[in-house]
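Please read the following with the structure open beside the text. It goes from confidence to the core, then to a charged residue and the salt bridges.

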Amino acid sequence: VPPLTRVGAAAYGKDNIRVNMVVTGMIMTPERLAEPLPPEREAQMKPFCPLGRAGRGEEIAQVAAWLLPDFCSYVSGACIPVDGGHLAGSGA
């Protein structure tokens, strides 16, 4: 867990403020926000992602939304990877 996440969780927990981090992998965004990757570049990156594809923005938003409700009220100081398994290793 990165130091800023740990320090924030420790410092603000007494105020019932939770601090967590969502770590993303390669995320495809709408064309108006970023140029699409050329097919050859995307093919180069796929071996580094066990799921074999780029993520979508809504997949990141769903994890962030999962952290909001009361059923996650005891989650603080966590680093949650949303990267298609990249941090777990691909064996490539």
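Confidence is highest in helix α1 (residues 3-12), with a mean pLDDT of 96, and lowest in helix α2 (residues 39-45), with a mean of 78. The model is predicted, and the protein averages a pLDDT of 86, with 89% of the residues scoring at least 70. Where pLDDT is low, the predicted coordinates should not be read in detail.

In soluble globular proteins, nonpolar side chains tend to be buried together. Here the largest nonpolar core has five residues: I60, V63, L67, I80 and V82. Two elements, α3 (57-66) and β4, each give two or more residues to this core.

Which side chain of opposite charge is nearest to D83? That side chain is R53, and it is 11 Å away. A salt bridge requires a side-chain nitrogen within 4 Å of a carboxyl oxygen, and D83, although buried, has no salt bridge. What the side chain of D83 does have is a polar atom 2.8 Å from the backbone nitrogen of L87. Again setting aside residues up to four places away in sequence, D83 touches V23, T24, G25 and C49.

The structure holds four salt bridges. R53 takes part in one of them, with E59, at an N to O distance of 2.7 Å. How accessible are the two partners, R53 and E59? R53 is partly exposed because its relative accessible area is 36%, whereas E59 has 18% relative accessibility and therefore counts as buried, the limit being under 20%.

Another salt bridge joins the side chains of E58 and R56, 2.8 Å from N to O. E58 is partly exposed at 43% relative accessibility, and R56 is partly exposed at 39%. Through salt bridges that share partners, R53, R56, E58 and E59 are joined into one network.

K14 and D15 also form a salt bridge, their closest N and O atoms being 3.9 Å apart. With 4 Å as the cut-off, this pair still qualifies. K14 has 69% relative accessibility, so it counts as exposed, while D15, at 45%, counts as partly exposed.

Conventions. Residues numbered from 1 in each chain as written. Predicted model: local features only at pLDDT ≥ 70, side-chain atom pairs only at ≥ 80, totals over all residues. Heavy atoms only, no water. pLDDT = per-residue confidence, 0-100. Helix = DSSP H or I, 4+ residues; strand = E, 2+ residues; numbered from the N terminus. Buried < 20%, exposed > 50% of the residue type's maximum accessible area, 1.4 Å probe, protein only. Lys, Arg positive; Asp, Glu negative; His and termini not counted. Polar contact = N/O pair within 3.5 Å; in protein donor to acceptor, adjacent residues only side chain to side chain. Contact = heavy atoms within 4.5 Å. Core = buried A, V, L, I, M, F, W, Y, C linked by side-chain atoms within 4.5 Å.
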